[in-house]
Structures are given as structure tokens and as C-alpha cells.
Amino acid sequence: MKLKYTAAWVGFTAAAMVAVSACSSDGAKTAVSAASNATKIMAVLSRATDRTDQLGSAEVRMSTDTGTGTPVTLNGTYSWGDGLAMDVLMDTKAANMQALQRRATIRTLFVKGAYYFNVDPQPSGPFKGKQWMKVDASVLFGSKGAQDFSGGSAGNPAATMEALKYASHVKDLGKETVDGQSTTHYRAVVRQAELGKYKDAFSSDGMKALTGGADSVTMDVWIGAKDLPVRLKDDLGKATVTMDFKKFGATAPVKAPPAAQTADLTERIKRARSQQG
């Protein structure tokens with residue numbers, strides 16, 4: 001079994017899961033106008049964050065572009081109302097998982113703090129017959145970060161949008177049509193030093209996984225009708241993660257696969273990483 005492929009996809013998925021004035025001689029008027037505009041923008045984003053948090057789940061399409069020329073796309077459901085969970089399909093070849101799975105798409109779950117990859121039944125070795133590969137989130141985020149991530153206080157769309165409040169500058173870029181919907185486009189640049197509780201919650205490796213090692217994250221959000229996001233986009237330096245929301249609410253619960261069908265690779269990947277230095 002090619003362990004390195006599973007480790008590579010965990011990195012792709014995490015990059016997925018995550019997420020977000022001037023003065024002159026007329027300085028007083030300009031500053032008041034800028035402050036008023038910023039207040040209006042933050043009020044819109046605050047309402048959208050609250051609405052997203054309340055609904056708790058959505059059908060999504062997510063794309064992670066790491067600059068390789070072939071973005072990794074995920075289609076399925078994402079939920080954050082009772083801990084972070086997802087049930088998605090992705091392109092097997094783009095995710096570099098073809099050594100484990102021959103089908104064109106591979107099903108991936110995240111539930112109760114662990115990733116599960118639906119692969120071909122293993123033909124031999126210690127995992128013979130197993131068709132699910134499990135990797136604990138602590139492999140990427142460390143124990144503390146994994147708890148925060150899987151608990152839903154980080155890594156979900158509402159938390160990604162909430163991170164906007166740590167930004168130094170948030171801009172209203174005007175009206176745009178996205179996925180056939182009329183939206184308003186907002187952009188913010190959030191530096192690592194401004195990530196507040198997220199920086200405290202995640203280990204240095206976890207922050208690196210979330211931000212791609214970049215010093216700052218450019219976050220774009222398109223807000224549509226009913227104060228809900230239509231699209232979220234994070235520019236993480238070497239990677240760009242885009243999430244489109246097809247429909248909010250009423251998704252099926254995500255359940256872990258049967259233990260008898262599952263092989264846990266967590267410790268093997270940790271050992272492999274430690275041996276690589």
C-alpha cells in the first residue's frame with residue numbers, strides 16, 4: 001500500500017477545511033466616512049456569519065488549487081452544527097490517490113475528528129480486505145488544534161467568516177453574479193498575527209497546514225440573498241481554496257464507516273513523518 005498518497009491527500013483536505021483610510025486636509029470627513037463604511041461592511045458580514053452558523057450544514061463544491069495545474073475538487077455535504085463533518089466525492093487522479101483506488105472518484109469522510117478514505121479492498125498485507133483508511137486529524141493539527149477543528153469552532157464556513165473580524169482592512173468590491181445569483185463581493189487580508197484564538201488553538205504545524213505557510217490569508221466572500229454566503233475563497237499563498245454553497249441545511253448525518261472495514265493509518269503516518277525529519 002502506498003502510504004505517501006494518503007498522507008498527501010490529508011494535506012489537500014486540510015487546506016480545504018479549511019478557512020477568512022486615509023487622512024488629508026479633509027481628514028475628519030474622510031475618516032468618519034471610512035469608519036462608517038467599515039461598520040456597515042462588518043454588520044453585513046456579522047449577519048452572514050450568524051446565519052451560516054445557525055443553518056449548520058450545506059451542499060457544497062470545493063476546489064483546492066495548489067499550483068500543480070490540476071485543482072482537487074470535492075462535491076458533497078459539509079456540516080458544522082454538531083462538530084465538523086463532511087461527506088464528499090473527489091477526483092481520484094487529481095488527489096493523487098489512484099494507487100489506492102481505481103474508480104474515477106473517491107469518497108472521503110470527516111467525522112469525529114478523523115478522515116476516512118474509501119479505497120479498493122486491500123488485496124494483501126496487514127490491511128487485507130479493508131476498504132476504508134482512517135487518519136486522525138491530530139496528524140495535521142496537533143492534539144489541541146484537532147480538538148478545536150473537529151469541534152467546529154474552527155474549520156467551518158462560519159468560523160472562516162468570523163476570522164474576517166481580525167482583518168485590518170475589509171473592502172466592498174461591489175455587485176457580482178456568482179453561480180447565477182446576485183451577490184456583493186467583500187475582501188479582507190488577515191495576517192497570522194491577527195488570527196486571534198485560531199493561532200492559539202493550532203500548533204505551528206497546524207497553522208502551516210491551514211495557511212500554507214503564508215504570512216497572510218486573502219479572504220473573499222460573496223454574500224447573496226438572505227444574508228448567506230454564495231462563495232468563500234481563501235488565498236493561502238501557494239494554495240487557493242474556493243467553496244461554493246449549493247444549498248444550506250437539511251443534509252444527512254455523516255457517520256464513520258464500520259470498524260471491521262477500516263484500517264487506522266494514524267500512527268504509521270506519524271512515524272513516517274518523524275523519520276523524514
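Mentor: Start with a cut-off: buried means under 20% relative accessible area, exposed means over 50%, and partly exposed lies in between. Keep in mind that this is a predicted model.

Trainee: What makes R47 partly exposed?

Mentor: Its relative accessible area is 41%. That value falls between 20% and 50%, so R47 is partly exposed.

Trainee: Why is the pair R47 and D227 called a salt bridge?

Mentor: The cut-off is a side-chain nitrogen of Lys or Arg within 4 Å of a carboxyl oxygen of Asp or Glu. The closest N and O atoms of R47 and D227 are 3.5 Å apart, so the pair qualifies. D227 is partly exposed, at 27%.

Trainee: How many salt bridges does this rule give?

Mentor: The count comes to 7.

Trainee: What makes R107 and D87 a salt bridge?

Mentor: Their N to O distance is 2.7 Å. That is within 4 Å, so the label holds. R107 sits in strand β4 and D87 in strand β3, so the pair ties together parts 20 residues apart in sequence. R107 is partly exposed at 34%. D87, at 22%, also counts as partly exposed.

Trainee: Is D244 buried or exposed?

Mentor: D244 has 10% relative accessibility. The limit for buried is under 20%, so D244 counts as buried. D244 forms a salt bridge with R231, with the closest N and O atoms 2.6 Å apart. D244 lies in strand β11 and R231 in strand β10, so this pair joins parts 13 residues apart in sequence. R231 is partly exposed, at 22%.

Trainee: Which residues are linked in a network of salt bridges?

Mentor: R102, R103 and D120.

Trainee: Which residues have the most contacts inside the largest nonpolar core?

Mentor: That core has 50 residues, and those with the most contacts inside it are L45, Y78, F117, Y186, V221, I223 and F245. Beyond four places away in sequence, F245 touches residues including A58, V60, P157, V230 and L232. R231 is also among the residues that F245 touches.

Trainee: Which residues does the second, separate core include?

Mentor: It has 7 residues, among them A85, L109, A114 and V254.

Trainee: Why might nonpolar side chains be found together?

Mentor: In soluble globular proteins, nonpolar side chains tend to be buried together.

Terms used
Residues numbered from 1 in each chain as written. Predicted model: local features only at pLDDT ≥ 70, side-chain atom pairs only at ≥ 80, totals over all residues. Heavy atoms only, no water. Buried < 20%, exposed > 50% of the residue type's maximum accessible area, 1.4 Å probe, protein only. Helix = DSSP H or I, 4+ residues; strand = E, 2+ residues; numbered from the N terminus. Core = buried A, V, L, I, M, F, W, Y, C linked by side-chain atoms within 4.5 Å. Contact = heavy atoms within 4.5 Å.
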